[in-house]
Amino acid sequence: MIPDSHHVLRAAASAGLPLTGPPEALRLAENETWRLPGRLGVARVARAGQEDAAAREVRVARWLADHGIPAVRPLPVDQPVTAGRRPVTFWEELPEHRQGSLAEVATLVRRLHQLPEPPAELGLRPLDPFVRVEDRIDAATTLPAEDRRWLRDHYAAVRAAWAELPVGMPHRAIHGDAWPGNLVATERGPLVMDLERFAVGPPEWDLLSVAIRTTTTGVSTEAEYAEYVTAYGWDVREWEGYETIARARELRMMTYAAQHAARDPAWAKEAQHRVDCVRGRRGPRPWRWTGIM
């Protein structure tokens, strides 16, 4: 992809940010990240039509700041700014960071779950664990037709089970994707990033993000997971709804890989591996990913 910074330049000018030189491309994908010159911060360019989501992320970040939660911070400008139909937001640049340890993640998640009820003006939506899953299955052209039929049937079964989830913790503000890559460690302490999935929903969904690394993928050991449980104060695997929410998360993981495989052949074996594992072709859980992620 050839870097094209015109969206950032136009948006920065509209926001009153004086750029002393060209921005530097940090990540170019569906959502782009650019470093602004002069250590001003970074710009994030979202997909066309995502103005509401971009504005919500900024509101969430400011709400977290008001409640003392260490998280990514938006620059003090009126934003998002739309340039070429793409919303652009501006943020403080993160310090050097690494994935958070499971204990650090648990501590941050617990703090998030202790926040007061989010105000209506924050515009948080109810958690939708199945957003874009159907589109991803339709796009999974590297999978055999029989596997795609199975994915559709599996999706219908998991969705029906989700509608019958047993009572758990009261719904509240949740991160929505609380794995160690989004709750990171810096020299200043742990920090929450990637607020795109922030929602109102079952706190168990946040806890699942780490639990499934032990029960499904085998990325974390039982000893490491025990530290997470101790830091948070409860093991989500004890909840009778765990199996259903775990299957929903696995469905997202399968269809995410399958969608990418249609655009990037490097993902094809990984996508097939994930389907094979859930279908029982690779033995019992936990099973490890073969190459990607």
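1. Helices here are DSSP runs of H or I with at least four residues, strands are runs of E with at least two, and both are numbered from the N terminus. With that in hand: α9 is followed by G280, whose phi is positive, near 85°.

2. Ground rules: this is a predicted model, where local features need pLDDT of at least 70, side-chain atom pairs count only at pLDDT 80 or more, and totals for chains, interfaces and linings use all residues. Residue numbers start from 1 along each chain as its sequence is written, and side-chain values use heavy atoms, leaving out hydrogens and water.

3. Back to α9 (residues 268–278): 8 of its 11 residues are buried, so the helix is largely enclosed by the rest of the structure. Buried means under 20% relative accessible area, with a 1.4 Å probe and protein chains only. Among the buried ones are E270, H273, R274 and D276. The cover over them includes α5 (145–162) and α8 (242–263), going by contact, meaning heavy atoms within 4.5 Å.

4. Now the nonpolar cores, meaning sets of buried Ala, Val, Leu, Ile, Met, Phe, Trp, Tyr and Cys residues joined through side-chain atoms within 4.5 Å. The largest has 68 residues, and L64, F198 and Y228 have the most contacts inside it. α8 gives the most to this core, with 10 residues. A second, separate core of 15 residues includes V8 and F90.

5. Last, the open sheet: 3 strands in the order β6-β8-β9, with antiparallel pairing. Strands pair if DSSP finds at least two bridges between them. β6 (97–99) and β9 (189–192) are at the edges with a single partner strand each, so one side of each has no neighbour in the sheet.

Terms used. Buried < 20%, exposed > 50% of the residue type's maximum accessible area, 1.4 Å probe, protein only.
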